[in-house]
Amino acid sequence: MEPEHKELLRKHLLELSGQIQVSDTIVPFLFQENILTEAQVQLIQSLQTETQKSLQLLQLLPGRGPRAFPALLRALDDYSWVRDKLLLELQDSPGPETGETGESSIIIIIYE
C-alpha cells in the first residue's frame, strides 16, 4: 500500500470504522481477491461488534500489499459515499512527487 493510502486510512480510522460494516461483503470480497488470508478473515469474524471488525480490518490492510487499497475501494461499492470521500481527499492532497500520480492510478484501478 502506498504511503498516502496508509496515511489516509490512519487519518480516518475511527470515522471509517463507524460507517462501514465489513462482515457481509467487504471481508469476503477482500478474501476472494487474495488481499486477506483465511486466518485474517477468521480473526476479523471472531470479534464481537462491527466496529471492532472494521477497526481490525483497517489495521490489517496497510500491510497487505499494493493491491489492498484499490481492492478496498472496489469493496466499498455499497458505501459509495465513503469511497467518494476517500478519493476526493486523495485527489486534493498532493502526492509525494506531483500530486497526480496517486489520482491517475486510482482512477485506472476503479474502472478495470
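Before the close-ups, some notes on reading them. This is a predicted model, in which local features need pLDDT of at least 70 and side-chain atom pairs count only at pLDDT 80 or more, while totals for chains, interfaces and linings use all residues. Residues are numbered from 1 along each chain as its sequence is written, and side-chain values use heavy atoms, with hydrogens and water left out.

View 1. Helices (H or I, at least four residues) and strands (E, at least two) are DSSP runs, numbered from the N terminus. Of the 112 residues, 38% are buried, where buried means under 20% relative accessible area, exposed over 50%, and partly exposed in between (1.4 Å probe, protein chains only). The mean pLDDT, the predictor's confidence in each residue from 0 to 100, is 85 for the protein. Confidence is highest in α4, at a mean of 97, and lowest in α8 (residues 101-110), at 44. Please read residues 97-112 with that in mind: pLDDT stays under 50 there.

**View 2. Helix α5 (residues 50-60) has buried residues Lys53, Ser54, Leu57, Leu58 and Leu60.** Seen down the helix axis, these residues fall within an arc of 160°, so they line one face of α5; the arc is that of the directions from the helix axis to the C-beta atoms. Their cover includes α1 (3-11), α2 (13-19), α3 (26-32) and α4 (38-46). Leaving aside neighbours within four places in sequence, Leu57 is in contact (heavy atoms within 4.5 Å) with Val22, Ile26, Val27, Leu30, Leu36 and Ile44.

**View 3. Helix α4 has Gln40, Val41 and Ile44 buried.** The three cover an arc of only 100° around the axis, which puts them on the same side of α4. On the other side, Glu38, Ala39 and Ser46 are exposed. The cover over the buried residues of α4 includes α3 and α5.

**View 4. The largest nonpolar core holds 30 residues.** Such a core is a set of buried Ala, Val, Leu, Ile, Met, Phe, Trp, Tyr and Cys residues joined through side-chain atoms within 4.5 Å. Leu9, Ile26, Leu30, Leu57, Leu61 and Leu76 touch the most other members. Helix α6 gives the most to this core, with 6 residues.

**View 5. Lys11 and Glu89 meet in a salt bridge, at 2.7 Å from N to O.** Lys11 lies in α1 and Glu89 in α7, so the pair ties together parts that are 78 residues apart in sequence. A salt bridge here is a side-chain nitrogen of Lys or Arg within 4 Å of a carboxyl oxygen of Asp or Glu, and the structure holds 6 of them. Lys11 is exposed, with a relative accessible area of 51%.

**View 6. Glu33 and Arg74 form a salt bridge, with their closest N and O atoms 3.4 Å apart.** This pair links distant parts of the chain, with Glu33 in the loop between α3 and α4 and Arg74 in helix α6, 41 residues apart. Glu33 is partly exposed at 22% relative accessible area, and Arg74 is partly exposed at 27%.
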